[in-house]
Amino acid sequence: MYNAEAYSARSATSGLASTTVARRDANEHDVQIEILFCGICHSDLHQVRDEWKSVMPTVYPCVPGHEIVGRVSKTGSAVAKFKPGDLASVGCLVDSDGTCPECQAGLQQFCPNATLTYNAPDKHLGGVTYGGYSDSIVVDERFVLHVPSNLNPAGAAPLLCAGITTYSPMRHWGVGKGKKAGVVGLGGLGHMGVKFAHALGAHVVVFTTSPGKKEDALRLGADEVAISRNADEMQKHAGSFDFILDAVSAEHDIDAYIQLLRRDGNITLVGAPEKPLSIPVFGLIMKRRSLSGSPIGGIPETQEMLNFCGTHNITADVEVIPIQKVNEAYERLVKADVKYRFSIDMASLKSE
Ligand SMILES: NC(=O)c1ccc[n+]([C@@H]2O[C@H](COP(=O)([O-])OP(=O)(O)OC[C@H]3O[C@@H](n4cnc5c(N)ncnc54)[C@H](OP(=O)(O)O)[C@@H]3O)[C@@H](O)[C@H]2O)c1
Ligand SMILES: [Zn+2]
Ligand SMILES: [Zn+2]
């Protein structure tokens, strides 16, 4: 075991502060990574503030962070995929049983015994897992991914959650040429959704509550932008979408989007607000529309997404911050005031 520098929350209201956490020494299948950048996902904020207490109560201290890019510093004797010096990345999962039907299908996100990168029981050290707001992490090589060398590491970090969470449902629901796709909420997830839907060849419409994001939405790849609080702008799209990705982090009216789907259209929720959403069923019944959810993605699809980003030169638009600004960044995230993902420069942890 060794001590890693990290930032943790002591309680739902404490904010984050400097600490050290125990990490295991790399065993034969492990990769030890010196973390260069870690994105700030809105899920980190939900978890740190215990907003998901009914489904995933937070165990304190909590070290969040599941958008990790770094350099391999050590490898176990049986590790074949990585060597010291390689650029490597870790997302929301660090382990699974490897034997269940979901794992066999490469869909580790559905494994009943999957281990999340933070706030999940740690099989090796006891207690819970600690995430990427840290100078290093030790992960089984099966859950470590390659980052294409043409991608900027600060902008690549958010691909590990915001990227795969938007890419996976778009691939599942066949977003592509000849399809009309909507993206609701231009935040960390939403802006990646726009880039992917555009790169996949769909006609992309962004729905935002922030009129100031209109120009950006077009620059990011949207063909049209609607201000969701303007009823006329919404009405214009009634009954026309094949697919809508809802990436909103707070309570909102989802029926307004169900009404925009065509027959057999699908709306997928990836946003995970604290409170339940109300869904009038007639909107679904009348046009056989469907509503679904989607969690992150499996390991093979995450690597496929990273490779797709390498080919299409896609990274997140990031504001790089030192870790000392993390509490301020959380306040801004709640106000949807980031363009479009914070990426923590972990070199700043060395000055603690
Ligand atoms: N399913 C999964 O596996 C998964 C993975 C990662 C994250 N998530 C969840 O996805 C959600 C989004 O995460 P994120 O990191 O992208 O968050 P984010 O960067 O904060 O973006 C959320 C966006 O939602 C919109 N929004 C915020 N408050 C709103 C309100 N009251 N009404 C309507 N729109 C509002 C804003 O977009 P506009 O300014 O454009 O309106 C905001 O930028 C979070 O709940 C997160 O926990 C789920
Ligand atoms: Zn996330
Ligand atoms: Zn499994």
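Mentor: Start with the shell around ligand 1. Its residues divide into 14 nonpolar, 13 polar and three charged. Here Ala, Val, Leu, Ile, Met, Phe, Trp, Tyr, Cys and Pro count as nonpolar, Asp, Glu, Lys and Arg as charged, and the others, Gly among them, as polar.

A word on the ground rules. This is a predicted model, in which local features need pLDDT of at least 70 and side-chain atom pairs count only at pLDDT 80 or more, while totals for chains, interfaces and linings use all residues. Residues are numbered from 1 along each chain as its sequence is written, chains are lettered from A and ligands numbered from 1 in the order in which they are written, and side-chain values use heavy atoms, with hydrogens and water left out.

Back to ligand 1. There are 30 residues around it, and His-42, Thr-208, Thr-209, Ser-210 and Arg-341 come nearest. A residue is near if one of its heavy atoms lies within 4 Å of the molecule. Helix H1 (42–48) and helix H5 (188–199) each supply at least two residues of this shell. The largest share, three residues, comes from H1. Helices (H or I, at least four residues) and strands (E, at least two) are DSSP runs, numbered from the N terminus.

Now look at single polar contacts, which are pairs of N or O atoms within 3.5 Å; within protein, one must be able to donate a hydrogen and the other to accept it, and residues adjacent in sequence count only if both atoms are side-chain atoms. A polar side-chain atom of Ser-210 lies 2.5 Å from an oxygen atom of ligand 1. An N or O atom in the side chain of His-46 is 2.8 Å from an oxygen atom of ligand 1. Ser-294 uses its backbone: a polar atom there is 2.9 Å from a nitrogen atom of ligand 1. Taken alone, ligand 1 exposes 920 Å², and the protein buries 89% of that. Such areas come from the Shrake-Rupley method with a 1.4 Å probe; for residues, only the protein chains shown count as cover.

Next, the zinc ion that is ligand 2. Its protein donors are Cys-41 (SG), His-66 (NE2) and Cys-161 (SG), at 2.0 to 2.2 Å. Donors are N, O and S atoms within 2.8 Å of the metal (3.2 Å for Na, K and Ca); water is not among the atoms, so sites may look incomplete. Along the chain, these donors follow the spacing C-x24-H-x94-C. Cys-41 sits in the loop between strand S3 (30–39) and H1, and Cys-161 in the loop between helix H3 (153–156) and helix H4 (162–172), so the pair ties together parts 120 residues apart in sequence. Both Cys-41 and Cys-161 are buried. Buried means under 20% relative accessible area, exposed over 50%, and partly exposed in between (1.4 Å probe, protein chains only).

Helix H4 also holds Ala-162. At 0% relative accessibility, Ala-162 is buried.

Asp-97 (OD), Cys-100 (SG), Cys-103 (SG) and Cys-111 (SG) are its protein donors, lying 2.1 to 2.3 Å away. They follow the spacing D-x2-C-x2-C-x7-C. The four donor atoms subtend angles of 100 to 117 degrees, which makes the arrangement tetrahedral. The ideal angle for four tetrahedral donors is 109.5 degrees. Asp-97 is partly exposed at 26% relative accessibility. Cys-100 is buried, at 10%. Glu-102 lies in helix H2 (residues 101–104). With a relative accessible area of 30%, Glu-102 is partly exposed.

Last, some backbone details. Most peptide bonds are trans. A cis peptide bond joins Tyr-60 and Pro-61, with omega about 0 degrees. Pro-61 lies in the loop between H1 and strand S4 (68–75). The bond from Lys-339 to Tyr-340 is also cis, with omega near -10 degrees. Tyr-340 is in the loop between helix H11 (326–334) and strand S17 (341–345).

Key:
Tetrahedral: all angles 85-135°; square planar, octahedral: opposite > 155°, others 65-115°.
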